[in-house]
Amino acid sequence: MSLGALPMPAGAAAVAALEVASAYLPPALLNHSLRAYLWAAARGTADGVSFDPELLYVAALFHDFGLVPAFDSHTVVFEEAGGHVAQVFAAGAGWPAERRERLSQVIIRHMWREVDVSEDPEGHLLARATATEIVGKDAEGYSAAFRADVLRRYPRLDLAERFLACFQDQAARKPGSSADSAVRAGLADRVASNPLDASAG
């Protein structure tokens, strides 16, 4: 697998999504979102999963928007907030209602423990990719050369500290949320032992 072999959406919606993400996400979260797409696309390509590259790319760019102060919600969990923001963006991009709803579902489901690949291939791939990103799950499933290329193109920066702080904040303010469950299940230790950060170092 190589970066050049992966589908990289370049249509108007993808370009606009990257522009919006670049405006609102801090560098570490922006790089995290771009890497999430690459891990997901690589996994889908390697496993023969048929997926919609544009849908997956836009979902990856918006999946953490609910952690950004400008879009944080005091009424819903961060993944639902991100889904709402993405739907608004997609409406402006001219996506039909059904596709906008799919985008929201992919973002919400990235926090699920398991997503059925036959029901939602993009949600399945994004959930696996974000687990790789944050705690290193299945990182060994990518070649050392591919991991190095991804980390070179989009460095991890201060993602571990920033992401953990975001989740701890969400957990404190939203008891019972997915972020709260993750923190109580030992997220801090799992983040600290992520092999991707060791590779980046």
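Start by selecting Arg35, Leu38, Trp39 and Ala42 in α2, which meet Phe146, Arg147, Val150 and Leu151 in α7. The residues of this contact divide into six nonpolar, no polar and two charged. Keep in mind as you look around that this is a predicted model.

Now show the two helices whole: α2 covers residues 27-47 and α7 covers residues 144-153. Their axes lie 10 Å apart and the helices pack at an angle of about 155 degrees. An angle over 145 counts as roughly antiparallel, and α2 and α7 are therefore roughly antiparallel to each other. Their crossing is right-handed.

Next, stay on α2 and bring in α8. Select Ala28, Leu29, His32 and Arg35 in α2, then Leu159, Arg162 and Phe163 in α8, to see where these helices meet. Here the contact residues divide into four nonpolar, one polar and two charged. The axes of α2 and α8 come within 9 Å and cross at roughly 95 degrees, so the two helices are roughly perpendicular to each other. Notice Arg35, a residue of α2 that meets α7 and also meets α8.

For the last stop, turn to the largest pocket, with a volume of about 730 Å³. Which residues lie nearest its centre? Select Met111, Trp112, Arg113, Ala131 and Arg190 to find them, out of 26 lining residues. The elements giving two or more residues to the lining are α6 (121-135), α8 (159-173), α9 (178-184) and α10 (187-192). Colour α6 to see the element that gives the most, with seven residues. By class, the lining has 12 nonpolar, seven polar and seven charged residues.

Conventions
Residues numbered from 1 in each chain as written. Predicted model: local features only at pLDDT ≥ 70, side-chain atom pairs only at ≥ 80, totals over all residues. Heavy atoms only, no water. 1 Å grid on protein atoms, 1.4 Å probe; cavity = no way out; pocket = protein on both sides within 12 Å on 5 of 7 lines; lining within 4 Å. Points joined across faces, edges and corners; volume = space filled by probe spheres on them. Helix = DSSP H or I, 4+ residues; strand = E, 2+ residues; numbered from the N terminus. Nonpolar A, V, L, I, M, F, W, Y, C, P; charged D, E, K, R; others polar. Axes fitted to C-alpha atoms, helices over the stretch in contact; angles between N-to-C directions. Parallel < 35°, antiparallel > 145°, perpendicular 65-115°, else oblique. Contact = heavy atoms within 4.5 Å. Left-handed = near helix turned anticlockwise from the far one by under 90°.
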